[in-house]
Amino acid sequence: MEPCKVFYCGICTMPLEFCEFSGTQEKCREWLKEHHEDEYNKVYDVQDVTEQLEKATVAGDEGEVKSDRTYVKDQSAKLEAKLERENKKKMSSKVTIKRVERTKRKRITIIHGLDIFGVDLKKAAKLFANKFACGSSVAKNNQNQDEIVVQGDFSDEVMELIMANWPHVPEDNVEFVDEKKKKS
């Protein structure tokens, strides 16, 4: 008995049978047709599929009739657009590392915006506390958003640690801010 050979899609990295659930079905189908035409014919048997599509219909909200194919295409297009919007939002958002002066020689480092990139803030705060041997916590700022507060001036080291532990955070999206107290 020989082991079963599984083909994986180059677009969604799922087995070919599951491409329809990835949300990028059209791109997956085009990739498969270009790279593995024999597998394309096995998975997407054109005559069989067209016969089934002619039989199946889905009623919309207004009573209009849609074929399964257009309904799935609409759903996958919505999902693809949603993923693209989320990715755009991630790429446009910034991670700010702010160094704030508390008293004459005391400073704290505040990291804001890591949660947008899917970083667990509590785990990150614990990592910073262990790495720098200082106090670190998750606190809410004036806009009621979570941020990490690290006791001490570790702004440069925090940048390196973020790049090492969370490589999916783009380096271009990290910015430094130096905030000093106003003299009265």
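Q: What share of the 184 residues of the protein count as buried?
A: Of the 184 residues, 29% count as buried, where buried means under 20% relative accessible area, exposed means over 50%, and partly exposed lies in between (1.4 Å probe, protein chains only). This is a predicted model, in which local features need pLDDT of at least 70 and side-chain atom pairs count only at pLDDT 80 or more, while totals for chains, interfaces and linings use all residues. Residues are numbered from 1 along each chain as its sequence is written, and side-chain values use heavy atoms, with hydrogens and water left out.

Q: And how many helices and strands does the protein have?
A: The protein has 6 helices and 7 strands, which are DSSP runs numbered from the N terminus (H or I and at least four residues for helices, E and at least two for strands). Starting at the N terminus, the order of the elements is α-α-α-β-β-α-β-β-α-β-β-α-β.

Q: Ok, where is Thr109 found?
A: Thr109 sits in strand β4, which covers residues 107-112.

Q: Is Thr109 buried or exposed, and why?
A: Thr109 counts as buried because its relative accessibility is 0%.

Q: What does the side chain of Thr109 reach?
A: The side chain of Thr109 reaches the backbone oxygen of Gly152 at 2.7 Å, and one of its polar atoms lies 3.1 Å from the backbone nitrogen of Phe154. Both are judged as polar contacts, meaning a pair of N or O atoms within 3.5 Å; within protein, one must be able to donate a hydrogen and the other to accept it, and residues adjacent in sequence count only if both atoms are side-chain atoms. Leaving aside neighbours within four places in sequence, the residues in contact with Thr109 (heavy atoms within 4.5 Å) include Ile97, Ile148, Val150 and Val158.

Q: Switching to strand β3, how many of its residues are buried?
A: Strand β3 (residues 95-101) is mostly covered, with 5 of its 7 residues buried.

Q: Which way do β3 and β7 run, and how many bridges join them?
A: β3 and β7 (residues 174-179) run parallel and are joined by 6 bridges, and strands are said to pair if DSSP finds at least two bridges between them. In this pairing, Arg99 stands opposite Asp178 of β7.

Q: In what sense do β3 and β4 pair?
A: β3 and β4 pair in the antiparallel sense over 6 bridges, and Glu101 has Arg107 of β4 as its bridge partner. These two strands form a hairpin with 5 residues between them.

Q: Which residues touch the most other members in the largest nonpolar core?
A: That core has 21 residues, and those touching the most other members are Ile111, Leu114, Phe128, Ile148, Val158, Ile162 and Val169. A nonpolar core is a set of buried Ala, Val, Leu, Ile, Met, Phe, Trp, Tyr and Cys residues joined through side-chain atoms within 4.5 Å. Two or more residues come from each of β3, α5 (121-132), β6 (146-151) and α6 (155-165), and α5 gives the most, with 5 residues. Apart from this core lies another, of 9 residues, among them Cys9, Cys12, Leu16 and Tyr40.

Q: What do the buried residues of α6 pack against?
A: They pack against β3, β4, α5 and β7, and the buried residues of α6 are Ser155, Val158, Met159, Leu161 and Ile162.

Q: How many disulfides does the structure hold?
A: The structure holds 0 disulfides, a disulfide being a pair of cysteine sulfur atoms within 2.5 Å. For Cys12, the nearest cysteine sulfur is that of Cys19, 3.6 Å away, and Cys12 is in no disulfide. Cys12 is buried, since its relative accessible area is 14%, whereas Cys4 counts as exposed because its relative accessibility is 70%.

Q: One more topic, what about phi at Ala133?
A: Ala133 has a positive phi of about 55° although it is not a glycine. Most residues other than glycine have a negative phi. Ala133 lies in the loop between α5 and β5 (136-140), and it counts as exposed because its relative accessibility is 72%.

Q: And what is the phi of Asn144?
A: Asn144 has a positive phi of about 65°, and it is not a glycine either. This residue is found in the loop between β5 and β6, and with a relative accessible area of 56% it is exposed.
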